[in-house]
Amino acid sequence: MGATLLPLVVYYDDGREDRVVADQRDIVIFERLKQTGFTKALDDMPITLFRHLAFDALVRTGHLSKSGKSAPRAEWEATVIAVEPEDDEVAEADPGNPEATDETPSTSPARRGKASGRSSPGNRATSRR
């Protein structure tokens, strides 16, 4: 069985981005706290799931410091615009839906500004491998 790894990108309101990899340690914390399974949460509350996993992974990896017994989750949440899984490649049109095209607008909060021309994390130029 391979490791469960979920690379995430965190977009902040000041334009910064953090990349972090959540793993089973972070997933277990989420499942215990929310009393739900990872797969169900992915279907039912993906935004909550991604935000929770990103925060725990950032704390675990030392990117966010702990303050006393708990890290400053509320302060961090207030500065985060979006957390999304990191994609290695640009997604293509959905082959199962002939109506969908590459031009179909994303429902992702970080990419909604793309259609209107507003600046958003999703339409920032970033270097890819």
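Predicted model: local features only at pLDDT ≥ 70, side-chain atom pairs only at ≥ 80, totals over all residues.
## Overall layout

The protein has five helices and three strands. Along the sequence they follow the pattern β-β-α-α-α-α-β-α.

The protein has 129 residues, and buried residues make up 32% of them.

## How H1 and H3 pack

Two packed helices are described by the angle between their axes and the distance between the axes. Start with the two helices themselves. Helix H1 covers residues 24-34, and helix H3 covers residues 46-60. Their axes come within 9 Å. They cross at roughly 125 degrees. H1 and H3 are therefore oblique to each other. The crossing is right-handed.

Which residues of H1 and H3 meet? On the H1 side they are Arg25, Asp26, Ile27, Ile29, Phe30, Leu33 and Lys34. On the H3 side they are Thr48, Leu49, His52, Leu53, Asp56, Ala57 and Arg60. By class, this contact has seven nonpolar, two polar and five charged residues.

## The nonpolar core

The largest nonpolar core has 22 residues. Leu8, Val10, Leu53, Trp76 and Val83 have the most contacts inside it. Several elements give two or more residues to this core: strand E1 (5-12), strand E2 (17-23), H1, helix H2 (38-44), H3 and strand E3 (80-85). Which element gives the most? The answer is H3, with eight residues.

Leu8 is then in contact with Asp18, Arg19, Val20 and Ala22, among others. Its contacts also include Phe50, Leu53 and Ala54. Further along the sequence, Val83, Glu84, Pro85 and Glu86 are in contact with Leu8 too.

Asp56 sits in helix H3. Is Asp56 buried or exposed? Its relative accessibility is 10%, so Asp56 counts as buried. The cut-off for buried is under 20%. Leaving aside neighbours within four places in sequence, Asp56 is in contact with Asp26, Ile29 and Arg73.

Ala82 is in strand E3. Its relative accessibility is 3%, so Ala82 counts as buried. Ala82 and Arg51 are 31 residues apart in sequence. In space they are 7.8 Å apart, C-alpha to C-alpha.

## A strand residue and a loop residue

Leu5 lies in strand E1. At 57% relative accessibility, Leu5 counts as exposed. The cut-off for exposed is over 50%. Leaving aside neighbours within four places in sequence, Leu5 is in contact with Val21, Ala22 and Asp23. Leu5 and Gln24 are 19 residues apart along the chain, and their C-alpha atoms are separated by 7.3 Å.

Gln35 lies in the loop between H1 and H2. At 72% relative accessibility, Gln35 counts as exposed.

## The loop between E1 and E2

Asp14 is in the loop between E1 and E2. Gly15 is found in the loop between E1 and E2 as well. Asp14 is exposed, with a relative accessible area of 52%. Gly15 has 35% relative accessibility, so Gly15 counts as partly exposed.

Gly15 and Ile81 are 66 residues apart in sequence and 9.3 Å apart in space, C-alpha to C-alpha.

Technical notes: Residues numbered from 1 in each chain as written. Heavy atoms only, no water. Axes fitted to C-alpha atoms, helices over the stretch in contact; angles between N-to-C directions. Helix = DSSP H or I, 4+ residues; strand = E, 2+ residues; numbered from the N terminus. Parallel < 35°, antiparallel > 145°, perpendicular 65-115°, else oblique. Left-handed = near helix turned anticlockwise from the far one by under 90°. Contact = heavy atoms within 4.5 Å. Nonpolar A, V, L, I, M, F, W, Y, C, P; charged D, E, K, R; others polar. Core = buried A, V, L, I, M, F, W, Y, C linked by side-chain atoms within 4.5 Å. Buried < 20%, exposed > 50% of the residue type's maximum accessible area, 1.4 Å probe, protein only.
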